[in-house]
Amino acid sequence: MIEPGFASAPPDASRLVPLSFGRVFLRDHGGEQSKRPPLLLLHGLLVTSHAFTRLIPELVPHARVLAPDLPGCGDSDRPPPVLCADYSPRWQAAAALELLDAIGVDQVDLVGHSWGGAIAVCLADAAPHRVRRIVLVDPTVFAMPVPIEGRLAQLPTLGPYLFKNLYRRNELRRYLARAFSSEDMLSEADVDLYWDRLARAGGREAAHAMLMQLMHHETMAAMLPRLRAITAPTLVVWGDRDAIVPREHADRVTAAIPGAQLRWLEGCGHSPAEEQPEVLAAVIDEHLAH
C-alpha cells in the first residue's frame, strides 16, 4: 500500500546486460505503458549514468528510460582499448545498438550529453531507422581546446602512463567543478562515486582512450558529414555558462543538422542533467511530444 503523500517509485529493472565484448550496466526505469519509444540517455566522459539520476525521475512519467554506463565506464566492463577500436564513438554507437538488440528495443528517442552526443550522432548515422527524435546536450562533436592533463595524455608512449598514474581524484574534481555554473553545486559524494569507478581496473585506460578519440583530428572531422546526414528531428540544448565546450559550437552544431533547433538554458553550465534536471526534462519532453 502506498502511504498518503508519497508517490510510488518507478519500476526499476536495472541490470548488467551481457554483450559480445562484456557486460554493460543498464539503468532501466518505468514507462512500459508509454506510447513513445524508450528514451536512451548517453553520458559524457569521466562520469557514468549516475549523472542522470536527478533527470530520470522527471522523464519516467512519459517514457521508459534507458541509461547505460558506457563500456569502459561505471559498472560496465572495461575491455582493453585495443579490443574495441580504442573506444571510438562509432564503436560505442555499435555497442549501444547491440545493447538495444539484446533487450529487444527496435527504436528509441535519443539524448546524448557531451561525449555521449558524439556517440548519439554516430548511432543516428549508423541506424537512422532506429532513432525517432534526438536531443543533443552540450555535445562534443568538434575539435576544441583541451586542458593541460589532456595535452599530457597526447604524448607518444608516455601519455597513457602519465594519465594512469598522475590523474587522481583532485584532477577529476577540478574537471567536474568546471562542468557546473558554480563550483558550490558540485557534490563531493558524486566526485567519490565517479572517482571510484574511474580508478577501478581498466577504467583510466578506457578513459584515456576516449579522451584521445576526442582529440583525434580525423575522428572529430568525420562528425560533420554525420551531423549533416541526420534525418531525425533534432533539438540542440546548451547551457549558456558552459565552460567545457566553446559557446560558438552551439550555433555550429545546430547549423550543421538539417532543421535542428537550438535551446539555451540560462544560468546553466555544461551538465544540465545535474544542474537543472527539471528544466532539461521539460525541454526534452516538449521536443519528444511533437
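Ser-76 touches Arg-23, Val-24, Phe-25, Asp-69, Leu-70 and Pro-71, leaving aside residues up to four places away in sequence, where contact means heavy atoms within 4.5 Å. The model is predicted, so that local features need pLDDT of at least 70 and side-chain atom pairs count only at pLDDT 80 or more, while totals for chains, interfaces and linings use all residues. Residues are numbered from 1 along each chain as its sequence is written, and side-chain values use heavy atoms, with hydrogens and water left out.

**The protein overall**

- The protein has 13 helices and 8 strands, these being DSSP runs numbered from the N terminus (H or I of at least four residues for helices, E of at least two for strands).
- Of the 290 residues of the protein, 57% count as buried, a term that means under 20% relative accessible area, with exposed set at over 50% and partly exposed in between (1.4 Å probe, protein chains only).
- Among contacts between residues at least 6 apart in sequence, 74% join residues at least 24 apart.

**Ser-76**

- Ser-76 lies in the loop between strand 4 (65-68) and helix 2, and with a relative accessible area of 1% Ser-76 is buried.
- The side chain of Ser-76 reaches the backbone nitrogen of Phe-25 at 2.9 Å.

**Helix 2 and helix 3**

- The axes of helix 2 (residues 89-102) and helix 3 (residues 115-126) come within 8 Å and cross at roughly 70°; axes are lines fitted to C-alpha atoms, for helices over the stretch in contact, and angles run from 0 to 180 degrees between N-to-C directions.
- The two helices are therefore roughly perpendicular to each other, since angles of 65 to 115 degrees count as roughly perpendicular, those under 35 as roughly parallel, those over 145 as roughly antiparallel and the rest as oblique.
- On the side of helix 2, the contact is made by Pro-89, Arg-90, Gln-92, Ala-93, Ala-96 and Leu-97, and on the side of helix 3 by Trp-115, Ala-118, Ile-119, Cys-122, Leu-123 and Ala-126.
- By class, this contact has 10 nonpolar, 1 polar and 1 charged residues.

**Ser-271**

- Ser-271 is placed in the loop between strand 8 (261-265) and helix 12 (272-275), and Ser-271 counts as buried at 6% relative accessibility.
- Although Ser-271 and Phe-180 are 91 residues apart in sequence, they are 6.4 Å apart in space, C-alpha to C-alpha.
- Ser-271 also touches His-113 and Ala-179, not counting residues up to four places away in sequence.

How values were computed. Nonpolar A, V, L, I, M, F, W, Y, C, P; charged D, E, K, R; others polar. Polar contact = N/O pair within 3.5 Å; in protein donor to acceptor, adjacent residues only side chain to side chain.
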